[in-house]
Amino acid sequence: MSSPSLSRSLLRSRFGRRLLLLFIVCSLVPMTAFAVLSFGTVTRQLREGSLGRLEHSSRALAAVIAQRLHFLDSDLAQVRRVAPCPTPPAPRDDPACDGSLKYALLALSFVPDAGSPIALFGTQVTAPVLDPRQQRRVDAGESAVVASVTDSAPVVYLVRRATSSRGSAGLLVGAVYDEYLWGTREQNPLIPTMQLHVVDRAGHVLFRSTPGDVTLPPSVVRALGSTTSGTFEWDVAGVPYLAAHSPVGAPAGMADAGWTLVLSEGRAAVVAPMAKFRQTFPFVALASLGAALLLTLGLLRRHLAPLHALQEGTRRLANRQFDEPVIVASRDEFADLADSFNAMAAQIARQFKALVTAAETDRAVLSSVDTPRIVASVLDRMREVALCDLVGVTLIDASTGGQATTYLPDPDDPAAPRAYVAQFRHDDAARLHQQPEGFAPGDEPLPPYLAPLDHTGTRDLRVLPLIYQGELLGAIALGAFRPSSRGEDELMQAERVAGQVALALANARMVDQIRVLAYFDSLTGLPNRVSFKRRLTEELQHCALTQRGLAVCFLDLDHFSRINDTLGHRLGDRLVQEVGHRIRACCRLHAPAAEVARLGGDEFTVIVPDLADADGTSRLARHLLRAFNTPFALDGHEVFISASIGIAVFPTDGVDLESLLKNADLAMYQAKRHGRNTFELFATSMETSANRRLTLERELRRAIEQEEFTLWYQPVIDLRSGKIAGAEALVRWHHPTDGLILPAEFIPLCEETGLINMLGEWILRTACDQNRTWELEGLASIPIAINLSGQQLRGGGTVELVRQVLEHAGLDPRRLVLELTESTLMEGVGDARTVLPALSALGVGLAIDDFGTGYSSLSYLKHFPVDTLKIDKSFIRDVTNDPSDAAITAAIIGMGHAMDLRVVAEGVESEAQVELLRTLGCDMIQGHWVSRPLTAGDFAAYLRQQRSGRNARSRAALR
């Protein structure tokens, strides 16, 4: 201690007083600055830490409330008895009567839709008012939780739909115990300074953890309504509080009640740890001032050193330099202050480092959509966040769910973690779901997916589930080789990072799924059109650099629509899948470098890179066609199908993607026109033909609008009487520049473009009107045959159109015959079974044209009300020279007569054919021997000759 005389002498001296004042000022200024900066920094850290803790706790409590609702709803769903319970209740009775629900429900009643409520236990409960959304969910078989807010305490009801044993429908309404739903103080352990509020959408307080009628200010209500969760500050009776709010989510199968959980903590309690600091600072200041009065200038100078050290330490702390401690050897209050400062700085350093590492981990995992990079970031950074020695990441296989891969860091190669595959049991998933906050396995045996960590020597293990939106993605294991020193803050940071990792993994899976959907066909798993074009573009660029060839094969299934029409679209999709697998297997065997893709529908493509010659593609095409020789087995059906293939070669058939695809497509259609089940290499003539078809298609539309078509009529003669028995209407196109175009060139194009319906209607109206005109002129009363296409058969309204045309023309339906080819009839077999009987009911005649060239199946014929068979001219052409054609013709005639059908022979051109057909019993003939097709005017003249007997040669020859 300094002597009083020394102190008095220092005070008497002006220099001493000035020096003492300077010493006091120099001592107080750094200390004050340090106190203010430290107080502000620590207060801010405490406030932010409290807000984070409040937000995490509010989410956890909200999840607990939702889980309790889920458990209670599951138990309430077991209620089957909706009648008053017996007294005493029978053991193992319904949960409504055996007391199983009384742990959570104050009362339970059944409120029928019509009638009085029935109390199952407790006091009678009436049904609460449900809003329309809740009512719809309850009617759909789900449950709803409803809070009834009155002047007294709020009451929470759980409502489910139920049916009594007598069949009456109603609601099961249970009044929920407040202690069960909100939990007692022991069940919801809150810091004494915290307050818990639960409010509904209208801002009514459903629960408060402190007594008293506390209402929420309007500013708080607006804050709750602006966001679903977050933090804010508010005042309760003038006392400032920090608060966080989270929604109480509804479990699966339950209508969302719209509750919000608000967790508050007094601001004064948050910054309470600074009270000791505030108490210490004045003491230090007073001690310094006392020392200034007692010590000499030398002592004062010596005491400036610790103040300077503290000042520098504060500056380092403000600049985030936590490594260098403040060293004070004075063994006084300054040394104690330095120790406190160093302890505080060390704690702040740990927290700051954990926050920085967690933020860096968040950026690393959230900025990546690649699962390996996310795993690598967690393995690299998580140890600093959780203060552990070893980190393991387990990912569940999304495709199977029965396997998991655990990743551990490799000391020799940190960039390539070691992977261990293990079985992932249902019990493991259940435990991770039930403990979303994590768990410590303790001394129990580790599950298989954690077994790799057992060999590392870890003693203290903590497992954090990776769950996003209810989906379990995996887990993070934190291990230590000695008892861990991590606290609640580190564990909280680790849990927060685990949540971010789960979000990043979910995003990575979603990106992977989007990538698959964007570039691969969902039905066959093959690359889709987008992926095919990208790959073809890359291959074309490679070929341009290497001067190598490339081929594109365009494959389309033949008559695939028949599969969908007969077996259904489900088996049609199955067939497309099997075709894709077979094409890929064939290419792997015969052209491993080939790339197979599905463009859509029944169209597939094959890229054959590094092509040495076109023969290699031809050989592959033959292998592909042979692959279709084996039938496809589809749910007991043995399906045979063939394909047509078009091939375009780079660079001879095109140098870019579009030209190669177009030319391969043209070659494929050429293969179809050449009989299908074959392949064609692109030729320039195909493009000319395609351009011709495109020109005709464009001019066809104009021709129909400008009526450039005419009908010609070919007579049909009765072999017995020699008289005309009818005629067939044949359409001709009088092109303005190309002259007369026959149907064989434009009718298939009309069917492909859908113009056949317009043209067919015009033919029907024109033929009926013309036939009626001949009747009115007294020329003849004969049936006119008109060809009906498959599209007209499949399209709706055919029967009504025929009825309207006949009524408009005033023509007897017996004077109209509709002809369908055998193949057309079979392709539209489903429509034919409904349309043809309706046409027959009108009185219209029905004929099968070109019979013998299609299916020739009696099992089909017997289902259709046809009355005429027309033998195709391909059999008549050599009927007098070829015994096989004669036998087929005789068989058709015999079959037709056996089924009471008239038989017409087409393409008759000689008297020998006429004689043979008469011998075989054919009913009618048509062909050039009788007459070539005639215009309407020439046919009218023909009819007049028939009526006047001037066709005596034909009748004599027929006799």
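Predicted model: local features only at pLDDT ≥ 70, side-chain atom pairs only at ≥ 80, totals over all residues.
**Exercise 1. How many of the nine residues of strand β17 (residues 549–557) are buried?**

Residues are numbered from 1 along each chain as its sequence is written, and side-chain values use heavy atoms, with hydrogens and water left out.

Solution. 
- Step 1: Buried means under 20% relative accessible area, exposed over 50%, and partly exposed in between (1.4 Å probe, protein chains only). Strands (E, at least two residues) and helices (H or I, at least four) are DSSP runs, numbered from the N terminus.
- Step 2: count. Nine of the nine residues are buried, so β17 is largely enclosed by the rest of the structure.
- Step 3: check each face. G549, A551, C553, L555 and L557 are buried on one side. L550, V552, F554 and D556 are buried on the other.

**Exercise 2. Find the strands that pair with β17, including β19.**

Solution. 
- Step 1: apply the pairing rule. Two strands pair if DSSP finds at least two bridges between them.
- Step 2: take β19 (residues 603–611). Seven bridges join this strand to β17, and the two run antiparallel. D556 stands opposite E603 in β19.
- Step 3: take β22 (residues 643–650). Eight bridges link β22 with β17, again in the antiparallel sense. Here L557 faces A643.

**Exercise 3. Describe how helices α15 and α16 pack.**

Solution. 
- Step 1: Two packed helices are described by the angle between their axes and the distance between the axes.
- Step 2: read them off. The axes of α15 (residues 560–567) and α16 (residues 569–590) come within 7 Å and cross at roughly 140°. Axes are lines fitted to C-alpha atoms, for helices over the stretch in contact, and angles run from 0 to 180 degrees between N-to-C directions.
- Step 3: classify. Angles under 35 degrees count as roughly parallel, over 145 as roughly antiparallel, 65 to 115 as roughly perpendicular and the rest as oblique. The two helices are therefore oblique to each other.
- Step 4: list the contacts (heavy atoms within 4.5 Å). From α15 come F560, I563, N564 and L567; from α16, H569, L571, G572, L575 and V576.
- Step 5: sort these residues. Six are nonpolar, three polar and none charged. Ala, Val, Leu, Ile, Met, Phe, Trp, Tyr, Cys and Pro count as nonpolar, Asp, Glu, Lys and Arg as charged, and the others, Gly among them, as polar.

**Exercise 4. Which strands stand at the edges of the six-stranded open sheet?**

Solution. 
- Step 1: write the order. The strands run β2-β1-β5-β4-β3-β10, with mixed pairing.
- Step 2: pick the ends. β2 (118–121) and β10 (254–255) each have a single partner strand, so one side of each is left without a neighbour in the sheet.
- Step 3: inspect one pair. β3 (residues 143–148) and β4 (residues 155–163) are antiparallel over six bridges. V146 has Y157 in β4 as its bridge partner.
- Step 4: α3 (residues 132–139) lies across β3, β4, β5 (169–176) and β10, at about 145° to β3.
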